Amino acid sequence: MDDAERRADFTAYVRAREQALARLAYLLTGDRDHADDLLQNALAKVYRNWERIRAVELPDAYVRRVMVNENNSRWRRMLRRHESPGSHVIEVLDPPTPTGLDASESLDLWRHVQALPTQQRAAIVLRYYEDLSEAQTADVLGCSVGTVKSHTSRAISALRSRMSEATA
């Protein structure tokens with residue numbers, strides 16, 4: 001495959017998946033600007049290896065993994081500069097709305113999801129917003145299914161606690 005064909009094939013993939021990938025980036029970061037940066041960086045890495053990636057059955061799994069790793073790297077860089085995730089104001093313009101919740105409950109839940117530690121938030125986003133199985137989530141996060149269960153359990157427990165405190 002020559003460079004023009006590779007570029008055309010990659011462009012077709014990105015156009016077909018851009019909405020889902022942008023949504024995942026936003027759910028992982030909670031900020032549109034960071035989501036744009038995350039997606040751009042991840043796609044640049046994917047493009048460099050596109051011939052190998054397109055040969056696998058599910059390139060989306062590879063792309064998700066790159067996005068999660070890139071997001072984790074961003075958090076590590078922030079921590080090295082002695083910043084904490086809570087030191088940033090995260091503005092959510094269009095938070096995802098789970099079924100059964102009104103808009104204000106949904107916004108409260110989304111704010112609490114954004115306050116979770118990085119790995120717990122990634123597990124929640126992949127499991128419940130992206131609807132991946134525990135095994136798929138473990139593959140994306142590069143950990144065991146047991147670790148996914150642990151992150152998810154701790155995150156749900158923290159969310160329940162924070163939501164009950166908020167309504168009390």
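These entries record what I looked up on salt bridges and on one helix pair in a predicted model.

I noted that local features need pLDDT of at least 70 and side-chain atom pairs pLDDT 80 or more, while totals for chains, interfaces and linings use all residues. Residues are numbered from 1 along each chain as its sequence is written, and side-chain values use heavy atoms, without hydrogens and water.

Entry: salt bridges. I found six salt bridges in the structure, each a side-chain nitrogen of Lys or Arg within 4 Å of a carboxyl oxygen of Asp or Glu. I looked up aspartate 9 and arginine 54, whose closest N and O atoms are 2.6 Å apart. Aspartate 9 lies in helix H1 (residues 3-29) and arginine 54 in helix H3 (residues 50-54), so the pair ties together parts 45 residues apart in sequence. Helices here are DSSP runs (H or I, at least four residues), numbered from the N terminus.

Entry: a second pair. I recorded a salt bridge of glutamate 70 with lysine 45, with closest N and O atoms 2.4 Å apart. Glutamate 70 is in helix H4 and lysine 45 in helix H2 (residues 32-48), 25 residues apart. I noted glutamate 70 as buried, at 11% relative accessibility, and lysine 45 as partly exposed, at 35%; buried means under 20% relative accessible area, exposed over 50% and partly exposed in between (1.4 Å probe, protein chains only).

Entry: helix contact. I checked which residues meet: Gln119, Ala122, Ala123, Leu126 and Arg127 in H6 contact Glu134, Thr137, Val140 and Leu141 in H7, where contact means heavy atoms within 4.5 Å.

Methods
Helices (H or I, at least four residues) and strands (E, at least two) are DSSP runs, numbered from the N terminus.
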